[in-house]
Amino acid sequence: MHEELENFERNHVRDLVEPPPNRRSIGTKWVFKNKRGWDGCEEQSEIGSPGFSSKEGIDYEETFAPVARLEAIRILLAFAASKGFKPQQMDVKSLTRTEEEVYVRQPPGFESAKFPDRVYNLRKALYGPKQAPRAWYARLKSFTLKSGFVMGSVDKTLFSLSCGGDTTIVRIYVDDIIFGGSSHALVSSFAERMSGEFEMSLMGELQFFLGPQIKQGPEGTFVHQAKYTRDILKKFDMGDSKPMTTPMSTNTALDADEDGEAVDRRNFEG
């Protein structure tokens, strides 16, 4: 929690001000979550504001921000496997500037002892407000285009950079970024530029994204949901159940269908 607040101070996210007249302040809350990375489970805390308390036309105007579809992620993985490179993943820590004036109450447990009744005027968007994804996408889009990347004409979450015979590809899903390329130097350069511009967490090779797990190896790239399956089994107290090759009892006696047509089981096309 202290690390998150220190991040706010470094990035000048907010100003402590007197509550403005005729403007309501949005509440804040702490959100704790575990994120899967290359080294296992990483715990993070974030301070956010409940988006449901914001009112359209008062607290925000536009909220739409493009996000990558799961099918697009699968296509990217197939392309990377065919070109022989392994996509990496990074997660943004810093926040981006918001266009509207937003006032939020002080975080629970961290109120100013000197000015407990003051509120924060946000310079940058917190997690939670409905305009936060749009503000972040606009900031990241501007940065990637200035860095020489070309945005996809159909998919606005896809950015590519060609240099000689090498290509670097970047795909955005809100604050999660997948990137990779045929040149290690280009990929490392992109990661360094991103870390220099934003507060980023480099998470190594892509392993978890939007639920599915990704296993990348010399034999190919595999997308599976082993963790989801284990969680479902655990939820219904079936974690110790014996695995079966077929979801049917081998001792079940089947009766012949006297009215059915005879089938030649050697004819697989029948």
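## Exercises: salt bridges and ring pairs

A search through the whole structure turns up six salt bridges. Keep in mind that this is a predicted model. Let's work through some of these contacts.

**Exercise 1.** Work out which parts of the chain Glu18 and Arg118 tie together.

*Solution.* Start with the contact: Glu18 and Arg118 form a salt bridge, and their closest N and O atoms are 3.3 Å apart. Glu18 is in the loop between strand S1 (14-17) and strand S2 (29-37), while Arg118 is in the loop between strand S5 (103-104) and strand S6 (119-122), so the bridge ties together parts 100 residues apart in sequence. Finally, check the surroundings. Glu18 counts as exposed because its relative accessibility is 52%, and the cut-off for exposed is over 50%. Arg118, at 23%, counts as partly exposed.

**Exercise 2.** Find out what separates Lys227 and Asp231 along helix H5.

*Solution.* Lys227 forms a salt bridge with Asp231, with the closest N and O atoms 3.0 Å apart. Both belong to helix H5 (residues 226-235); they are four residues apart, so about one helical turn separates them. As for accessibility, Lys227 is partly exposed at 25%, and Asp231 is partly exposed at 37%.

**Exercise 3.** Classify the ring pair formed by Phe179 and Phe190.

*Solution.* A pair of aromatic rings is described by the distance of the centres and the angle of the planes. The whole structure holds three aromatic pairs. For Phe179 and Phe190, the ring centres are 5.4 Å apart and the planes are at 55 degrees, so the pair is tilted. This pair links distant parts of the chain: Phe179 is in strand S10 (residues 176-181) and Phe190 is in helix H4 (residues 184-197), 11 residues apart. Phe179 and Phe190 are both buried.

Conventions:
Residues numbered from 1 in each chain as written. Predicted model: local features only at pLDDT ≥ 70, side-chain atom pairs only at ≥ 80, totals over all residues. Heavy atoms only, no water. Phe/Tyr/Trp six-rings, centres within 6.5 Å; stacked < 30°, edge-to-face > 60°. Helix = DSSP H or I, 4+ residues; strand = E, 2+ residues; numbered from the N terminus. Buried < 20%, exposed > 50% of the residue type's maximum accessible area, 1.4 Å probe, protein only. Salt bridge = Lys/Arg side-chain N within 4 Å of Asp/Glu carboxyl O.
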